[in-house]
Amino acid sequence: MDKWLMYMEIHQLRKKGFSISKIARKLDIARNTVYTYLQRDPEDMTEWLASIRTRSRKLDPHKELILTWLKDHPDMSAAQVFDWLKEKDNRLMVGESTVRGYVKELREIYHIERTHPTRSYQAVQDPPMGEQAQIDFGQTKQKASNGKEVKLYFISFVLSNSRYKYMEWLDRPFTTRDVIRTHENAFEYFGGIPNELVYDQDSLIVVSENSGDLILTSEFQGYRQERDLNLRVCRKADPESKGKIENTVKFIKKNFAKHRVFHNLDQWNEQCLEWLDRTGNGKIHNTTKKRPAEVFIEEKQHLRPITNKKTFHNKMSITRTVRKDNTILYQSNRYFVPLGTYKKDKMVYLIITDDGRLVIHDKAERNVIADHRLETGKGKLVQDRNHTRDRSRGIPEYISHLAAKFNNPDQANDYLENIYHGYPRYIRDQLQLIRRTIEELDEDLMNQAMEECIKKKLYSANDFSDVVEYLKRQRLLNTNPKPPSPAVHPIKSLNDADESILLAKPSVRDPKEYEELFKGVVI
């Protein structure tokens with residue numbers, strides 16, 4: 001409603017005897033707003049309205065961006081707008097209520113309506129800390145960076161008391177091995193194991209409920225015994241018994257995944273963990289009115305400790321895509337692989353050992369290309385010095401080392417310094433080319449090439465290489481001289497009677513005859 005119309009309506013209702021509370025309920029506004037409007041006379045109200053029309057607001061610089069989001073995605077919530085703004089600029093100092101009011105106003109001004117799908121759940125008492133975690137699967141369809149649509153699958157975990165969450169995504173359907181692996185990752189993320197795990201009747205875990213006697217898949221049954229897990233499987237069509245994970249799945253779909261563009265799986269999982277820190281676990285929960293990350297600090301103390309850590313990882317390979325910077329992403333940390341490993345869609349396989357090592361193979365169980373100590377934190381770059389370019393040797397040392405290979409090191413050093421001044425940005429490439437060129441040469445040839453380059457002032461690694469090739473060809477010619485030309489003997493006639501014919505000269509016409517011919521005169 002327009003503020004001036006609201007002002008008039010409030011004063012009219014007050015004159016009719018309505019109380020402040022009834023006016024607020026009737027107009028669906030706060031009581032403080034009613035008090036404020038009643039205290040202003042028409043002149044004050046006019047001045048105030050004029051001032052707010054020209055007043056700049058914190059979110060005005062983002063107005064066009066927010067409008068684009070709302071027009072492209074009319075069902076977008078103000079909470080998701082707030083999250084996307086924080087993702088774009090984490091220095092933005094606004095509260096969620098400010099964003100909510102701003103989005104509401106934009107919807108009214110530009111007539112962008114939003115529908116609100118609803119689903120009812122039965123409230124249940126929260127279990128004690130560390131008592132229960134709920135697990136469920138979900139899937140979404142995302143627009144990929146190439147314009148196509150991809151189907152993604154995820155598994156989500158939530159601790160029932162603190163609402164602390166964890167999830168992982170795949171670009172293919174989950175297998176039972178994937179389920180076991182993600183359980184291990186979740187327990188590591190939580191720092192312990194809850195006393196009870198609540199599931200839906202998923203075929204990757206449960207074969208049959210059998211009237212309460214669970215029949216699990218063989219792989220998951222073995223894992224359950226190894227970890228001594230206490231499982232509870234919900235009955236069919238009974239979402240209320242695991243309402244917390246149902247809400248979590250919906251929250252992931254609506255707030256994290258909705259309208260987000262998919263580039264690759266590693267980046268998607270990385271964005272997912274950032275979203276968990278920022279929003280999933282960092283935002284105040286609507287029901288508990290607490291931040292899950294803060295409550296989790298206490299609940300973590302009640303989880304069962306993880307024993308024989310990483311045992312289950314040894315029984316399976318984890319695939320990862322090699323990134324352009326020759327790293328792979330594992331649990332929010334980056335691990336180096338040797339330079340040159342990266343190729344488009346290059347996959348490697350990871351094995352986690354009992355002693356806390358991350359072993360990287362280029363093929364499953366074979367050809368180890370990297371072996372790192374497993375990091376427990378987040379955002380770390382783990383590297384092996386053997387996998388990076390050798391930068392310990394500076395350019396001056398490199399030049400001195402290379403010059404020492406020639407008979408006259410001082411002369412060679414001056415030559416290489418001249419190359420350095422001519423190609424300062426490419427000096428390492430220049431020196432490496434000269435080093436590769438002389439590796440297979442004998443001393444005489446490499447020193448002769450140096451003398452020729454200095455003599456002709458050819459200060460370039462490519463020129464040096466060309467001179468070497470020229471000297472090689474000259475050496476080959478000197479080693480294998482050209483054979484002498486055969487003696488030329490006069491051609492002797494086969495028949496003496498024909499000698500007059502050989503000495504005969506043909507008759508020659510006068511050029512004037514050809515001129516007459518071209519004029520059309522018949523000769």
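Guide: Start with a salt bridge: the side chains of arginine 373 and glutamate 375 meet at 2.9 Å, N to O. Keep in mind that this is a predicted model.

Visitor: Is glutamate 375 buried or exposed?
Guide: Glutamate 375 is buried, because its relative accessibility is 13% and the cut-off for buried is under 20%.

Visitor: Which residues do salt bridges with shared partners join into one network?
Guide: Glu168, Arg172, Asp178 and Arg181.

Visitor: And how many salt bridges does the structure hold?
Guide: The count is 22.

Visitor: Tell me about glutamate 96. What does lysine 283 do with it?
Guide: The two side chains form a salt bridge, with N to O at 3.1 Å. That pair ties together distant parts of the chain, 187 residues apart. Lysine 283 sits in the loop between helix H11 (265–280) and helix H12 (292–299), while glutamate 96 is in helix H7.

Visitor: Which arginine also forms a salt bridge with glutamate 96?
Guide: Arginine 100 does, with the closest N and O atoms 4.0 Å apart.

Visitor: Is arginine 100 buried, exposed or partly exposed?
Guide: Partly exposed, because its relative accessibility is 44%.

Visitor: New topic: H15. What's its length?
Guide: Helix H15 covers residues 427–438, twelve residues. From first C-alpha to last it reaches 17 Å, close to the expected 16 Å.

Visitor: Which residues in H15 are buried?
Guide: Ile427, Gln430, Leu431, Ile434, Thr437 and Ile438. Looking down the axis of H15, the buried residues fall within an arc of 125 degrees, so they line one face of the helix.

Visitor: What covers the buried residues of H15?
Guide: The cover includes helix H13 (395–403) and helix H14 (409–422). Helix H16 (443–456) and helix H17 (461–479) are also part of it.

Visitor: Now strands. How do E9 and E10 pair?
Guide: Strand E9 (residues 327–330) and strand E10 (residues 333–336) pair in the antiparallel sense, over four bridges. One of the partner pairs is threonine 327 with phenylalanine 336 in E10.

Visitor: What's in the turn between E9 and E10?
Guide: E9 and E10 form a hairpin with two residues between them. Glutamine 331 in that turn has a positive phi, about 50 degrees.

Visitor: In what sense does E10 pair with E14, parallel or antiparallel?
Guide: Parallel, over two bridges, with strand E14 being residues 381–382. Tyrosine 335 stands opposite valine 382 in E14.

Visitor: Where is arginine 40?
Guide: Arginine 40 is in the loop between helix H3 (31–39) and helix H4 (42–54). Leaving out residues up to four places away in sequence, arginine 40 touches Tyr7, His11, Met45 and Trp48.

Visitor: Last one: glutamine 134. Buried or exposed?
Guide: Buried, because its relative accessibility is 2%. Glutamine 134 is in strand E1 (residues 132–143).

Visitor: What does the side chain of glutamine 134 reach?
Guide: The backbone nitrogen of lysine 244, at 3.4 Å.

Notes. Residues numbered from 1 in each chain as written. Predicted model: local features only at pLDDT ≥ 70, side-chain atom pairs only at ≥ 80, totals over all residues. Heavy atoms only, no water. Buried < 20%, exposed > 50% of the residue type's maximum accessible area, 1.4 Å probe, protein only. Expected span 1.5 Å × (residues − 1). Arc of directions from axis to C-beta. Contact = heavy atoms within 4.5 Å. Pairing = 2+ DSSP bridges. Polar contact = N/O pair within 3.5 Å; in protein donor to acceptor, adjacent residues only side chain to side chain.
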